[in-house]
Amino acid sequence: VEVESRARANGDLTAIDPIVDAIEFLRLGADGETLLQLLTRVSRRLGIRIEVHREGAGLTGNLTGFLYTTTGHAHILVRASDPLTYQCRCILHEVGHLLCGHSGCVGIAPVDDKAPLSIAGDQLTVSPLELSTSLSGNVQSSLVEEQAELVARAAERRLLRPRYVRDETTWGGA
Amino acid sequence: VRGLQYVALLALTSVFLYRFGILVLRGDTKRRLVEREFLVPWLACGIGSLAMLTQGEIWSQRALDAPLGGTNILKLVQDVLTVTAFALGAWTALDLDEQRPTRRRTRRGILLVIFVAALVLTFFLTGDRGPTNYFYVEQNQGRPTVWIFAVTYILELAGVTGILLIGVWRRKAWPYWLFRIGGILVLVACLLELIDLVATFAPGLEAIRGGGRALFDPTFYPGVALIVAALGVFAAVKWCREHRISHYVDRLGTLCQKHALPTVTGAGRFGSLAQLTITVRDSYLAGSTPLTESDLKLLHDAEQFIEFELSHLIDLGETPTIIIEPERTQ
């Protein structure tokens, strides 16, 4: 609703379409869908290989998740040192970017202006990343980030349901 | 046996009243009353309680049977209520796996009507039933019409219990073990009763007559109590989890207010909690919210709680890199 009112104020309703599409896609998942199953569905829908790197290479300070896309590939970086629930939320945020058709997180750039990721064979090299100072002021209000975040929240609400919720509701009372 | 009957009655009535409390106290009564997931198990418990009450624990069978004519019609009412209660439980179990079970529900409704009609018909085959008698069937099963009624009842009870067992057999939540053991005990009780009924007329089985019947109650009522206990366990597990979620949501919400962080509205139970932990953790990692040791412990406990409850959904395994191909997952 927030994004819609802002988009209406700007006269740009196209901002809502990716979110609606993404949420519709999320709804297609089976009951009890896991995070890995969701990633598989996203991979199939977009026809890309998704790699989730949990070493946290390149992520420093308050930078806890990052998405970098190349042709046919999406690299999602999270830090294994963060709580699992937090890592999952970071992954869902990056999935939000993917489903909205974004190429990556805005406002995050390599410290030394190199490409964020370079791949030679199986070797992935990550440049140190930071929240770009020139863009950081806009990051919180950035529509792109808001879109990804809204999709992440919707995905989280769908995923985070007790394992036996139907059994408990049926036999234990709603 | 009386003690077992009391336990089963108490368990059924407790679950029935618990659901009634939900209906009255939690609001949204109209929706719940038309929601099959809520209504059918509730009716099953209520009807089961009524069936247990006809055993004479609270009011004597003579007093209950008198308004019906005092000719053992109470026995028919008891059997109809028992079969209906088990059938509603069985239909509920079958519904758990089905997305659109409307057509099958109609068939099941017709089947239940046939079951009840068969009981009524076979019961009234016996003209002279005598005065109210707790042992009406046992003392009259030598009469062919009473025997037919007894066999019809026990086959129907075994049938719906079997369907109930099929419905819950592959369900994975641990309280279903109580269901399974309870259902098996009821089936064993039905088998014992059936053996006893067969022995009534079968030559050479005189020695075991009455034995199966004697074992029916000690097997049947614990079975019923276990099935109802499973319902109680489901309710307790749900209640405990919701209580813990409320606890963490309240405390993290207060923490967010204290640090002028956004709180959560309309995100569902787990969704709200997850959102709050993310908000606090984000702000803490960004260095904009200093947290005390007790705040950090609260945050950590809430995260651990989510992780424990939802480990099956968010498990990322041990590998540092997860690769998901469009066609296959490594």
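**Note on the cavities and on chain A**

1. In this predicted model, the largest cavity has a lining of 41 residues, and those nearest its centre are Ala51(B), Thr82(B), Phe86(B), Tyr153(B) and Phe220(B). Two or more lining residues come from each of helix 3 (36-53), helix 5 (73-95), helix 7 (136-140), helix 8 (144-169), helix 9 (176-201) and helix 10 (211-258) of chain B. A cavity is a set of points, on a 1 Å grid over the protein atoms alone, where a 1.4 Å probe fits but cannot get out; lining residues have an atom within 4 Å of a point.

2. The largest cavity holds about 630 Å³ of space, a volume being the space filled by probe spheres set on the points, with grid points joined across faces, edges and corners. Helix 10 of chain B contributes the most to this lining, 9 residues. By class, the lining comprises 26 nonpolar, 9 polar and 6 charged residues (nonpolar: Ala, Val, Leu, Ile, Met, Phe, Trp, Tyr, Cys and Pro; charged: Asp, Glu, Lys and Arg; polar: the others, Gly among them).

3. The count of cavities of 30 Å³ or more is 2. Helix 4 (84-99) and helix 6 (143-159) of chain A and helix 11 (269-285) of chain B each give two or more residues to it. Helix 4 of chain A gives the most, with 4 residues. The lining of this second cavity divides into 8 nonpolar, 1 polar and 2 charged residues.

4. Chain A contains 7 helices and 7 strands, in the order α-α-α-β-β-β-α-β-β-β-β-α-α-α from the N terminus. Helices (H or I, at least four residues) and strands (E, at least two) are DSSP runs, numbered from the N terminus.

5. Of the 174 residues in chain A, 53% are buried (under 20% relative accessible area, 1.4 Å probe, protein chains only). Chain A exposes about 7900 Å², of which carbon and sulfur atoms supply 51%; areas come from the Shrake-Rupley method with a 1.4 Å probe. Among contacts in chain A with a separation of 6 or more, 61% join residues 24 or more positions apart (contact: heavy atoms within 4.5 Å).

6. Residues are numbered from 1 along each chain as its sequence is written, and chains are lettered from A and ligands numbered from 1 in the order in which they are written. Local features need pLDDT of at least 70, side-chain atom pairs count only at pLDDT 80 or more, and totals for chains, interfaces and linings use all residues, while side-chain values use heavy atoms, with hydrogens and water left out.

Technical notes:
Buried < 20%, exposed > 50% of the residue type's maximum accessible area, 1.4 Å probe, protein only. 1 Å grid on protein atoms, 1.4 Å probe; cavity = no way out; pocket = protein on both sides within 12 Å on 5 of 7 lines; lining within 4 Å.
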